[in-house]
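Thank you all for coming; I would like to take a few minutes to walk you through one structure. Please have a look at it first, and then we can go through it together.

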Amino acid sequence: SHLPENIRAKVQNHPCYSEEAHHYFARMHVAVAPACNIQCHYCNRKYDCANESRPGVVSEVLTPEQAVKKVKAVAAAIPQMSVLGIAGPGDPLANPKRTLDTFRMLSEQAPDIKLCVSTNGLALPECVEELAKHNIDHVTITINCVDPEIGAKIYPWIYWNNKRIRGVKAAKILIEQQQKGLEMLVARGILVKVNSVMIPGVNDEHLKEVSKIVKAKGAFLHNVMPLIAEPEHGTFYGVMGQRSPEPEELQDLQDACAGDMNMMRHCRQCRADAVGMLGEDRGDEFTLDKIESME
Ligand code: SF4
Ligand code: SF4
């Protein structure tokens, strides 16, 4: 791979970031975070957060204690388990107590497991200190734009300081928080991956600029994901006829961004409760009732 040596050393046993590692190491997600603090047009809240996951799946929400139990059961059953992520089903940092309690317990009770989290970034700056304390290895921020006019077409509202804020004003706050969070993480040496959802006619051209900016600020990887606009998932409600990108359009955009940035091309958009090697999902073997019956 073309990642710099110091970053390769950090991700060598991370199945998502190393082509070699993904054959030898396993990852899991625990779904401890049901709430969200923004609305994305592409989200259907009946399903997992699209920050990482593909739409159309719904994960069983666990308490932090249940999640820790599950991680230990999985680590005992799958020795290659090296990475634990929190990716939903809502925004992990919009549930700071649940997410941070889970990380706190795991960093104490399972110190060999690498921890990661994905977020829309709105609550990121206020969480950076805590994340650094629990030894979070890397953070994924979903950044779909750096221009509030474009943002207003993607995010109808945010919930901020106990108020609902709409339109360009909301998008501006979200963008500022994302960029500030990115800078704070990089300053602390925490790896940052940026996810972007490619929405044809909305932010497709703009994502080249996003790629340049996040690279300049020190993100180590950019992952451009396709909008999955299937009517049954309610994607882009209110915007009739919004389509997904064609595979060639996605590839062309990834190639265009690759001039500036390391691109991730094998992300599987795993569910918020995925378990196992990349590309496999053994979540059904480790449901809560099964884990509780193992005790
Ligand atoms: Fe949905 Fe995730 Fe967007 Fe929140 S951040 S609205 S859960 S896609
Ligand atoms: Fe890795 Fe992507 Fe799956 Fe997250 S969603 S665990 S980054 S492959």
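Predicted model: local features only at pLDDT ≥ 70, side-chain atom pairs only at ≥ 80, totals over all residues.

Residues are numbered from 1 along each chain as its sequence is written, ligands are numbered from 1 in the order in which they are written, and side-chain values use heavy atoms, leaving out hydrogens and water.

Around ligand 2 we find residues with a heavy atom within 4 Å of it, among them Cys16, Arg27, His29, Glu52 and Lys193.

Turning to the cores, meaning sets of buried Ala, Val, Leu, Ile, Met, Phe, Trp, Tyr and Cys residues joined through side-chain atoms within 4.5 Å, the largest has 53 residues, of which Val30, Leu84, Phe103, Leu131 and Val139 touch the most other members. Helix 2, a DSSP run of H or I with at least four residues, spans residues 64–77 and gives this core its largest share, five residues. Another core, of 23 residues, lies apart from it and includes Tyr42 and Cys145.

Finally, is Asp273 buried or exposed? Asp273 is buried, with a relative accessible area of 11%, where buried means under 20% with a 1.4 Å probe and protein chains only. Leaving aside residues up to four places away in sequence, Asp273 touches His29, Ser59, Glu60, Lys70, Asp281 and Gly283, contact meaning heavy atoms within 4.5 Å.

Notes:
Buried < 20%, exposed > 50% of the residue type's maximum accessible area, 1.4 Å probe, protein only. Helix = DSSP H or I, 4+ residues; strand = E, 2+ residues; numbered from the N terminus.
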